[in-house]
Amino acid sequence: MAYEISYSPQENRRYPIFRPRKKPSKWLLCVALVSVTAFAIPQVRKQIGQALLPGDKETTQEAVTAFVEDVRQGVPIPDAFQAFCREIVKDVEVTKTSD
């Protein structure tokens, strides 16, 4: 029983070498195009901003700024996030509803 060992796989046509594609995927291009289009429309941009910064815009922006500063100063992220949440709900008025 004879066999042959080939040390040059680039010459072996029976088992071609796999070369991955270097093109970006179509899904990535579609998501990028939709994102750019959505942010170009002022009404959509405003709605996205409201979704990312809910409630009173000024209070939320101040809380985000305080959160970033806390993290930069070395406060652990869970503690900084807890302070952020407390700042957001500090001025919220809760109305009781009758059952």
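Entry 1, the α1 and α2 pair. I began with helix α1 (residues 26–40) and helix α2 (residues 42–52), whose axes come within 5 Å and cross at roughly 95 degrees. For these entries an axis is a line fitted to C-alpha atoms, for helices over the stretch in contact, and an angle runs from 0 to 180 degrees between N-to-C directions. I therefore noted α1 and α2 as roughly perpendicular to each other; angles of 65 to 115 degrees count as roughly perpendicular, under 35 as roughly parallel, over 145 as roughly antiparallel and the rest as oblique. On the α1 side I listed Ala-38, Phe-39 and Ala-40, and on the α2 side Pro-42, Val-44, Arg-45 and Ile-48, as the residues that make the contact, where contact means heavy atoms within 4.5 Å. Sorted by class, the contact of α1 with α2 has six nonpolar, no polar and one charged residues. In this sorting Ala, Val, Leu, Ile, Met, Phe, Trp, Tyr, Cys and Pro count as nonpolar, Asp, Glu, Lys and Arg as charged, and the others, Gly among them, as polar.

I am working with a predicted model, in which local features need pLDDT of at least 70 and side-chain atom pairs count only at pLDDT 80 or more, while totals for chains, interfaces and linings use all residues. Residues are numbered from 1 along each chain as its sequence is written, and side-chain values use heavy atoms, with hydrogens and water left out.

I found four helices and zero strands in the protein chain, and from the N terminus on its elements run α-α-α-α. Helices (H or I, at least four residues) and strands (E, at least two) are DSSP runs, numbered from the N terminus.

Next I looked at helix α3 (residues 57–72) and helix α4 (residues 77–89), which pack at an angle of about 165 degrees with their axes 9 Å apart. I therefore recorded α3 and α4 as roughly antiparallel to each other. From α3 the residues Thr-59, Thr-60, Ala-63, Val-64, Phe-67, Asp-70 and Val-71 meet Ile-77, Ala-80, Phe-81, Ala-83, Phe-84, Glu-87 and Ile-88 of α4. By class, the residues of the contact of α3 with α4 divide into 10 nonpolar, two polar and two charged.

Which residues does Ala-63 touch, not counting residues up to four places away in sequence? I noted Phe-84, Glu-87 and Ile-88, and Ala-63, which lies in helix α3, is buried with a relative accessible area of 1%. The C-alpha atoms of Ala-63 and Cys-85, 22 residues apart along the chain, are separated by 8.0 Å. Thr-59, in helix α3, is also buried, with a relative accessible area of 16%, and with the neighbours up to four places away in sequence left out, Thr-59 touches Glu-87 and Ile-88. I then turned to Asp-56, in the loop between α2 and α3, which is partly exposed with a relative accessible area of 48%. The C-alpha atoms of Asp-56 and Ile-88, 32 residues apart along the chain, are separated by 8.7 Å.

Terms used. Buried < 20%, exposed > 50% of the residue type's maximum accessible area, 1.4 Å probe, protein only.
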